[in-house]
Amino acid sequence: MRFNDIVAVAKRELLVITNYKFLFLFTYLVSFYVGTYLSMAYTNLIPDPQIRIDTYLAFFFLSTEIVFSWALSTLQVQDYMRQRCMETILATPLSLASILLGKSLAIFILSYIPSLFCVIIVFLQANWPLGLAALIFPSSVGWILFFISPVLLFGTICVNTLLLMYLNHSMGSLIVNFIVYLLIFRSGAHSSFGISPAILGSYILGLICVFLLSYIGLKCLRKERIVLAL
Amino acid sequence: MENTIIEVKHVTKSLGGRTVLSDINFQVPNGSVFGILGPNGSGKTTLLRILLGLIVHDTGEVKVLGQNPLSMTREDKNGIGFVLEDHGLNERLTAYQNIDFFAQVYGLAKEKRRDRILEMLDKVDLSSYRKKPVGTFSKGMKQRLSLARALIHEPRILFLDEPTSNLDPEGTVYIRNLILRLSREAGITIYINSHDLDEVERICTRIVIMKHGNIMLQGAIADLLRPNNQTTLEVKLEKSKAIPKLANLLSSLSYVTHFKIEKDVAFIELIDDPSRLPLFNTLAQNSIPIKEITQIKDSLEDLYISIVKEEEHHEVQ
């Protein structure tokens, strides 16, 4: 596995996905809506207004990212199937790990950056008196938002892409996303005091789950399996 | 440089409980144009996938460029180019973007990449289309672009799966000439999967005919079409009265291996090509009234049909 291979695959994926301009924008709008809805539903349970806004942002961020990344991974792999170029790419010197990481990196960039941008806008608006200072010195939930969520997101995208490559359809990845989502959010849903050990624990559990799944998936995946599934 | 570039020994492969390849053995000499012929479902594509390291064979040994395709290093894989039946190009990207990706994958340095891509696009007459999305290309153009893509890293061996299928006659001739040029000028070994007999006969030097996962026949085309260098002549007589005399004469000639007379036409098999001249002299000296003499050329099509039909006949029995 070479770093240049991962970059080459990621560049190609970015070019391909952004080529679907309307579908790309539509996917993002849907993700934004789903993210807002899920976050509002969850954070309405929290009585403290400051914790509510912090938690809202964290949940909004993750919800949007995860829904968006799932939709993009599906779009990307379906594009491969339709264009029938997977077999050609598999026959090159690229390793399966390079293909997976390159694809995941492209989806990560496309999911994380717009989500981060939206969160910063909402954050600045909600914390206007504090402004940038609040962003630079975030609350405990903010730390999760900025540091744990990208790692978690990248792992989830890897699992998504693996499942899509392996199963050749998107239902598997939807199920995995749903499980991860439940693991992370459900256990912390009744905590009304910001970052509780339950929330932190479920984040860590989620991280372990996605990386373990990615590792096992990659070890079990064979080119033959993908080629014969095409 | 070794003389054999591909070596397949006793390879078998089963998929879903069905034997797809059964005891396959052949060698591809370096610099040759090698054709695999066979009807759909004969195992050609599975064999190609094994040679490219995409699927694993059950038993036997496979070597491409002296290495097992499954354990090849990056440098070894850089010696291989291929065009599969699905051209493998993304139709939403431009011709340049498509080739650029593969140039990066094969490790071409950034400063050399652009010049090499433009050179290859020029070679396949697509340089003026480099900024156009591949989705707007005709089938022939896509196939040319796929060839440019496959040759971007200057491979030593080129695998082609049905290179001219679904192309118009002009496109077919273009691709065929390009393949011949590559073989002659660049010395690239070319491995072609095809069921186009005419194409294989025109460009391949050696062939393998497969059916139901078995090799039915293999060898150099020239040897297969004229086993033991024999020549067959069709002699039309002006008068059928001369038939008994001709029959007597032919039975006495040592260089005539076999003959058959139907009405006023004689089919004469000679031991070799130079024996034609003494035969013509003997016929003239014995005043055999001849209307026309033609040499019967066996075509690959006849050979292929005879093998496939013969096999079907046995199956029915």
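In which sense do strand S3 (residues 33-37) of chain B and S7(B) pair? They pair in the parallel sense, over 5 bridges. The model is a predicted one.

## Chain B as a whole

Chain B holds 11 helices and 13 strands. Its C-alpha atoms fill a box of roughly 80 × 45 × 40 Å along the principal axes. The radius of gyration of chain B is 25 Å, whereas a compact globule of 317 residues would have one near 20 Å. Of the 317 residues in chain B, 36% count as buried.

The chain is divided into two parts: domain 1 (4-225) and domain 2 (227-296). The centres of these two domains of chain B, taken over C-alpha atoms, are separated by 45 Å.

Take the contacts between residues at least 6 apart in sequence: 68% of them join residues at least 24 apart.

Strand S7 of chain B covers residues 189-194. Is S7(B) enclosed or open? It is largely enclosed by the rest of the structure, because 6 of its 6 residues are buried. Both faces are covered. On one side, B:Thr189, B:Tyr191 and B:Asn193 are buried; on the other, B:Ile190, B:Ile192 and B:Ser194 are buried.

S7(B) has strand S3 of chain B as a parallel partner. Here B:Gly35 stands opposite B:Ile192. Strand S6 (residues 157-161) of chain B also runs parallel to S7(B), joined to it by 5 bridges. In that pairing, B:Ile157 has B:Thr189 as its bridge partner. Strands of a sheet pair through backbone hydrogen bonds, either parallel or antiparallel.

| Strands | Sense | Bridges |
|---|---|---|
| S3(B) and S7(B) | parallel | 5 bridges |
| S6(B) and S7(B) | parallel | 5 bridges |
| S11(B) and S12(B) | antiparallel | 6 bridges |

## An antiparallel sheet

The last pair in the table belongs to an open sheet of 4 strands in chain B. The order is S11-S12-S10-S13, and the pairing is antiparallel. Which strands lie at the edges? They are strand S11 (256-262) and strand S13 (290-296) of chain B, each pairing on one side only. From one strand to the next, the twist averages 20°.

## A loop residue

B:Thr136 sits in the loop between helix H4 (110-123) and helix H5 (139-151) of chain B. Why does B:Thr136 count as exposed? It has 11 other C-beta atoms within 10 Å, and a residue is exposed if that number is 12 or fewer. The C-alpha atoms of B:Thr136 and B:Thr94 are separated by 9.4 Å, although the two residues are 42 residues apart along the chain.

## Where the chains touch

In this model, 20 residues of chain A are in contact with 23 residues of chain B. On the side of chain A, helix H1 (3-19), helix H4 (86-90) and helix H10 (223-229) are the elements that give two or more residues. H1(A) gives the most, with 7 residues. The residues on this side of chain A divide into 9 nonpolar, 5 polar and 6 charged.

How values were computed: Residues numbered from 1 in each chain as written. Chains lettered and ligands numbered in written order. Predicted model: local features only at pLDDT ≥ 70, side-chain atom pairs only at ≥ 80, totals over all residues. Pairing = 2+ DSSP bridges. Axes fitted to C-alpha atoms, helices over the stretch in contact; angles between N-to-C directions. Contact = placed C-beta atoms within 7 Å. Nonpolar A, V, L, I, M, F, W, Y, C, P; charged D, E, K, R; others polar. Domains from an automatic or database assignment. Rg over C-alpha atoms; globule rule 2.2 N^0.38 Å. Buried ≥ 20, exposed ≤ 12 C-beta atoms within 10 Å, placed from the backbone.
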